[in-house]
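This report describes the packing inside one protein chain.

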Amino acid sequence: MKKIFILMIIIDISIPLFCADYTDFINEGQILLKQGKITESIKLFEKARDTKSSDPYAYYYLGEAFYAMGKKREAIDNYNKAIEIDNTNPDFHYSLAHLYISEGNYEEAIKLLDKVIELSPSSVTGKSAKRLKEEILIKQESKEMTQKWGKMEEELKKQKEVEEVKKTPTEGLPTEFMGMYPEMKVGPQEEKIPVEQLVKKIKFGTQTARQRASTILLTYEQLELSKVVTDMIDIIKQSDEPIVRKNVILAVGKTGAPEGIDTILKIIQDKNELYDIKITALDSIFNIRTENITTALRNTLKLMVENREKERTEAQKNIKDITTKLETLEVQKITLNMQIQQEEQKRNEIMQKLQMSDIPSEFGAPPGIGQPGGAKPLSMQEIQKIRTELLKVEESINKKRGDLTKTEQQITELQQQKGRYESLLRARTQKSADINVVRSPVPPQGIPYGPPGPEFGMPVVETPRYEETSEDKNEVIFALKLIRALGTMRDRQGISVIKKGWEEYGVESELIYYLLSLAQLGDFTGIQSLAERLRQDYPQAQLDAEITLRKSIIEVAGEYLTQRPDQKLQGLIEFLSEEGEYPEIKGAASSVLASLTKAPGK
C-alpha cells in the first residue's frame, strides 16, 4: 500500500513538469511549422500529444502539419480528434473545412463552415467562414451551369450539322437554346415574348428558367426594359442568386432610369454587399456620367480607403493590447508554477512525516507500534491535524493547477488572436500581384463561359491565418475600377481620392490605367509612359480592351499637346493617324490632330 501511495506522490510531482513540457512542445512545434520544417514539428506535436492526450491542441497542430505535408488522411483523423475533445473551437472546424475543400468535398466543408458561423459569427474566423461558404456556393452554381453549357454545346453542334444539310440555320432549334448565345437570333418558330412575361419567369420560374430568362433579358432594348424597371428592382432586392441578380442589375443599368440608378448606387455603397455584385453594378453604369453618380463613386472609394486605414489602426492597437495581456499572463503562469512546486514540496514533507509515524487503517500499521529510531509515536489528534493540513495543501495545489490550465488556455487563445491580427495586417499592407481588371465591352450573358474560377488551394500553414479569398481580390478589382471610372468621368474633385486609392489598392498590372486616369484629370506626370504604350505591340488577348485603352491615351495626349507643345509626341500622333494598325486608332489620332489645328495659336 505504501508503494502505491509513494507512486501517487511521484505522479503528482511530475504533472506540472509535464504541463511545462507540453506547452514547450506546442510552441516549438509551431515555430518549426512556420519555418517549413514539417517533419520536425510533427515529432514535437506527437510528444505534446503523448504528454497530455486530453488536450485538443496537440491533435489540431498535428492536423495542420500533416495537411501541410500532404497527408490528408492523417490530417483529417487529427482534426476530428481535436473536434471530438473540444467541439466549441471554431478554428478546428475551419481548418478541417479547408481540407475538405481541397478534396472537392464541398458538402462536408459547408457543414463545418456553418458550425464555425454558429460558434463565432462576429469573429475574423466566422466572417472568413461566411465568405468562403458564399464562394463555394457560387462555385458550385457556376460548375453546374458550365456542365449545362457543355451539354448544350454538344447538342448545338449536332443541330448545326443538321442545319448544314437543311440549309436553314435556325429552323428546328430547341427553344431552350434561344437567347443563350450572343450570336443567335430567335428562330422563325420562336417569337420573342413580352418583357413583362419574361420578368414573371425570373420571379416565379424554376432555377434553370430563372437564370435563362435573366440572360435573355439582356437582349431587350432600353425602351422595352424601361417598362419593367420597378419589377427588376424588386428582383434585385429579393433574389439570392448571383447570376440572376447580376443579369438584372445590368438590365436596370441599361435603362438609365433614375430609380434604377439609385438602386445600383445603393448596391455600390452597401458595405455588406459582395464585391462581385458591386463590380457588376459599377459596370452597369460605367458609361453614364451624372454628378450624383460621380459623387457616389468618389465617396465610395474614399470610404474604402478610410476603412482599410481604420482596420490597420485597430489591428495594431489590438496587437499591442494582446501583447501586454500575454506578458501579464506569462508572469502569472511562472508564479503559479513556482507556487505549485513550493506546495508540492510542503505536501511531500507532510507525507514523509505521516509515513514515519504510526499510521492507522489505510496509511499503515495500527497504533501502538513505535517509530524508527525510538521516536515517540504520534497521537491520533496529531495524526488528524496532519491529515487536515495535508487536505488543505492538496486543495490549494488542485486549485492552482486549475488556474494554471486556464492561464495556459488564455495564452493560447491570445496567441491565436494576435496571429490573426498580424496576418490581417500583412495582408492589408502587401500588394496583390495577380489582379487582372477587365471590363467586357458588352454586358456578360449570365451563363459563364469556359471553366469555373480557380480551385481552392491548400490554406496557409499558420494556424492564426488570414487567407486572401476571391472576395478580397474582388475588393481590389472594385477599387481599381472605381479609379478608372472617376478618370473617365473627369472627376477633378476626386484626384486626391484617386491617389490615395492607388496607394492602398494599386497593382503593377493596372499602372497604365492609373496614369491614364490622372491624365484625364489634368495630371500629366505619366504622359511619357502613356506615349510609350502607343509604341508597343498589340497583345492578341483582349485586343478590344487594348484598342479602347489606346484611344483614350491618344485623347489625353491631345489635351496635353494643347497645353505643352511636344514635337515628338505630336509626331507619334501624326504617324498613328496615317499608319495606325486599326481604324479606331487612326480615327482617334486624326480627331486629335484636327482639334490641335483648331486650337488657338495653332
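Ten aromatic pairs turn up in a search of the whole structure, which is a predicted model. Two of these pairs are set out below.

| Pair | Centre to centre | Angle between planes | Geometry |
|---|---|---|---|
| Tyr 57 and Phe 92 | 5.5 Å | 75° | edge-to-face |
| Tyr 275 and Phe 478 | 5.7 Å | 50° | tilted |

Tyr 57 is buried at a relative accessible area of 10%, and Phe 92 is buried at 0%. Both belong to one aromatic cluster that also holds Phe 45, Tyr 60, Tyr 61 and Tyr 79.

In the other pair, Tyr 275 comes from helix H14 (residues 275-284) and Phe 478 from helix H17, so the contact ties together parts that are 203 residues apart in sequence. Tyr 275 and Phe 478 are both buried.

Charged side chains also meet rings. Arg 484 lies over the face of Tyr 513, 3.5 Å from the ring centre. The charged end of Lys 81 sits over the ring of Tyr 59, at 5.9 Å from its centre.

The chain as a whole has 23 helices and zero strands. Of its 602 residues, 47% are buried. Its accessible surface comes to about 32100 Å², and carbon and sulfur atoms account for 52% of that. Among contacts with a separation of 6 or more, 68% are between residues 24 or more positions apart.

The largest nonpolar core has 88 residues; those touching the most other members include Leu 217, Met 232, Val 248 and Leu 530. Helix H17 (residues 470-488) gives the most to this core, with nine residues. A second, separate core of 41 residues includes Phe 45, Leu 62, Ile 76 and Ala 82.

Helix H8 (residues 195-204) has Val 195, Leu 198, Val 199 and Ile 202 as its buried residues. These lie on the same side of H8, because they cover an arc of only 100° around the axis. Residues three or four places apart in an α-helix point the same way, because there are 3.6 residues a turn. The face turned away from the buried side of H8 carries the exposed residues Lys 200 and Phe 204.

What do the buried residues of H8 pack against? They pack against helices H9 (207-217), H10 (222-225), H11 (229-238) and H12 (242-255). Leu 217 touches Val 195, Leu 198, Val 199 and Ile 202, and its other contacts include Leu 225, Met 232 and Val 248.

Terms used: Residues are numbered from 1 along each chain as its sequence is written. This is a predicted model: local features need pLDDT of at least 70, side-chain atom pairs count only at pLDDT 80 or more; totals for chains, interfaces and linings use all residues. Side-chain values use heavy atoms; hydrogens and water are left out. Buried means under 20% relative accessible area, exposed over 50%, partly exposed in between (1.4 Å probe, protein chains only). Helices (H or I, at least four residues) and strands (E, at least two) are DSSP runs, numbered from the N terminus. The arc is that of the directions from the helix axis to the C-beta atoms. Contact means heavy atoms within 4.5 Å. Accessible areas come from the Shrake-Rupley method with a 1.4 Å probe; for residues, only the protein chains shown count as cover. A nonpolar core is a set of buried Ala, Val, Leu, Ile, Met, Phe, Trp, Tyr and Cys residues joined through side-chain atoms within 4.5 Å. Rings of Phe, Tyr and Trp (its six-membered ring) pair if their centres lie within 6.5 Å; planes under 30 degrees apart count as stacked, over 60 as edge-to-face and the rest as tilted. A charge sits over a ring if NZ of Lys or CZ of Arg is within 6 Å of the ring centre and within 35 degrees of the ring normal.
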